[in-house]
Each structure stands twice: as C-alpha cells, then as structure tokens.
Amino acid sequence: MAILVLGGAGYIGSHTVCELIAAGRDVVVADNLLTGFREAVHPKARFYQVDIRNKAELDALFEQEKIEGVIHFAASSQVGESMSNPLKYYDNNLCGTTVLLRSMVEHGVDKIVFSSTAATYGEPERIPISEGDATVPTNCYGETKLAMEKLMSWTSRAHGLRYVALRYFNACGAHPDGHIGEAHNPETHLIPLILQVPNGQRAKISIFGEDYPTKDGTCVRDYIHVNDLAQAHILALDYLMQGGENNVFNLGNGVGFTVKEVIDVARKVTGHPIPAEICPRRAGDPAQLVASSEKARAVLGWKPQYADLETIVSTAWNWHKNHPNGY
Ligand code: UFG
C-alpha cells in the first residue's frame, strides 16, 4: 500500500516525500507542475502529472495504485494573489479538494492529512495561538483553507473519512543535504528574499513596517523548518492509521522573531552586510503570529529538530547559494 502525496513537487510536499522515502514508505506523487518542479520529486516516488480538479485523472490514479492514505499539499498559497484573484483560490483550493474527496470516498480511501495555515486565525486574540482560538481569516487564502477544514469535517460525518489539518506558521529552510529547497516564482517570503541580497540578485531587503507594537517595531513570526513540518505529516498519518480521530494541530517552534532579527541572523550566516530599507506596512500583516504547538507535541509526539533560527537560515542559504535560480 502506498501514500499518495498531492502537491509533492512543491516546497513542503517535496521535503515530505523525501522524509517518507527515507522512512521506507512507498510513495506516489501527483502534481500538476503549475508551481511545483519535476526535479524536486524524489526518484523513488512514482510520479503522476495530475490536477486535483480533474476527477477522471484522479479516479484513474486511485484505480492504478493501492493508496492507504493521502497527504494533500496541492493548493495555491500566496496571500497577496488570493486578494486580487479570489476565484482562483476558491477554484483550486476548495473546488479541487471537493473533487479529491469525492474520488477518495468513491475509492474507499479514508485518511487524509492536509496543509492548513496560521492564516486561518487572522488577527490573533492572544499569543501564543492555540487551536481552539477564534478563526477569523483576514485574507482569502486563509478563508479557503478554513473552508477546506470544514469541508473535511462535513465529509467525515457523512462518509466516515478521517482527517488531520496541520496549521503551519512560517515554513522555511531547506533539506540539510542541500538537494531540494524553497523555489517560488514570484518569491514573496522573507528568508529567500533576504538571501537574494548576498546572492547578488537584489540590492537590499525591504522591511514592511517599523511601527508595529513589537520589541523593535517589526512583525514577529514563528519560523519552522520544512523538515520538521515533513516529520509532522508522517506522524499525523501514522496517528490516523492507528485510529486517531479528526484533529487540528498548530505547527511552529513557539518562539517569535522580528523581521530585523531574521535579517541579523542572515547577516551572521552569510557574512554579508545585507542592507535593509524601512518601507510602508504590507496590507493584512498581523503584528505577531506565534504558535502554541503543545498539542502536536503531546498527541503526535512531534519534536522539532531545527528550533534554532541560525541553523534554519544556514540550511536555506546552503540551498539558495547553490541554486540561485531554483531548480
Ligand atoms: N517581510 C518583509 N519584507 C519582505 C517580505 C516579508 O518585511 O520583503 C515581512 C512580512 O511583512 C512579515 C514577515 O516578513 O511580517 C514574514 O513574511 P512572509 O511573507 O515570509 O510570511 P507571512 O508571515 O506573511 O506568511 C506566512 C505564509 C503564508 C501564511 C502566513 C500565515 O507564507 O502562506 O504565514 O500567517 F498564510
């Protein structure tokens, strides 16, 4: 029996596939390659170029392979784009997941672990954020992810499917062996943008706002290494396979760093001065997002291995300096 990883050619998906294979699992990857990269897919995984909105293609895959559980990363994930093109986000994230669940139900596949996000909370009511806190998304991306969680819940009641939603905070870093890493086009995330400066691709990094109510005025985020996220997916799948009930988990280190602190760590790691410029706030950025991941630690036995930001940025730098243009 195999694990099906949808979106397994993307950033977090490709790292999870790599960890699944390292753990001796049989892995099938499906990806439409619109934002993912064929080169990112582990050679031991069986690859299908499939779009989750295409039911005939999905049905054919479920008929061809014996799938015991699904890990679902296949979604659009840019906050800014979700605000200018909400229909794309509802179509790909919500309609795509509806097609996927229908095909799973019809083929008797009843376990799914999927990517949710800290963006489901919106402006947090307290820090650190716990899973039971209010979910009031402030952008369309977070709204579609929250709707996906609810879609799973109702499908579970009707058809007995079980799910785990993993709400990531700020995914970052790259595989420590340097063969896969973060490659987005366009890139919007802080750490890869910072590293474009020492890579000679950008003159300076913009700091979006210095007037937030934080210790140095810049936004605080909880940065979590992509391999730690990968391990959480494997633990969540095993939890479902052992009969675990539907659940939602935050995934973060529980420690917040300001934008300026992240830039300072990157200066130390790269030895480059990395000039920075204060710019206006970016619309929709909460001042602070820090997770309580106590539940994932207690229920799943999850223990992040890359809690140190310097180590995280070092793995990212190892990837970006050797792959300045991605794959
Ligand atoms: N930032 C800058 N300059 C930049 C880029 C980012 O100052 O050039 C700041 C942002 O304003 C923010 C922080 O760096 O305060 C982190 O920004 P990212 O874009 O890297 O990440 P976000 O926190 O905005 O978003 C991440 C994920 C989203 C997810 C969100 C959940 O990328 O998918 O967390 O809150 F929705």
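Entry 1, the helix. I looked up burial in H1 and found Tyr11, Ile12, Gly13, Ser14, His15, Thr16, Val17, Cys18, Glu19, Leu20 and Ile21 buried (under 20% relative accessible area, 1.4 Å probe, protein chains only; helices are DSSP runs of H or I with at least four residues, strands are runs of E with at least two, both numbered from the N terminus). With 11 of its 12 residues buried, H1 is largely enclosed by the rest of the structure.

I note that this is a predicted model, where local features need pLDDT of at least 70, side-chain atom pairs count only at pLDDT 80 or more, and totals for chains, interfaces and linings use all residues. Residues are numbered from 1 along each chain as its sequence is written, and side-chain values use heavy atoms, without hydrogens and water.

For the cover of H1's buried residues, I found strands S1, S2, S4, S6 and S7 and helix H7 among the elements (contact: heavy atoms within 4.5 Å). Just after H1, I saw that Gly24 has a positive phi of about 85°.

I found 22 residues around the ligand, with His189, Ser206, Arg221, Arg282 and Asp285 the closest (a heavy atom within 4 Å). S8 (205-208) and H6 (190-195) each supply at least two of the shell residues, and S8 gives the most, four.

A polar side-chain atom of Asp285 is 2.5 Å from a ligand oxygen, and a polar backbone atom of Ser206 is 2.7 Å from a ligand nitrogen.

Key: A polar contact is a pair of N or O atoms within 3.5 Å; within protein, one must be able to donate a hydrogen and the other to accept it, and residues adjacent in sequence count only if both atoms are side-chain atoms. Buried means under 20% relative accessible area, exposed over 50%, partly exposed in between (1.4 Å probe, protein chains only).
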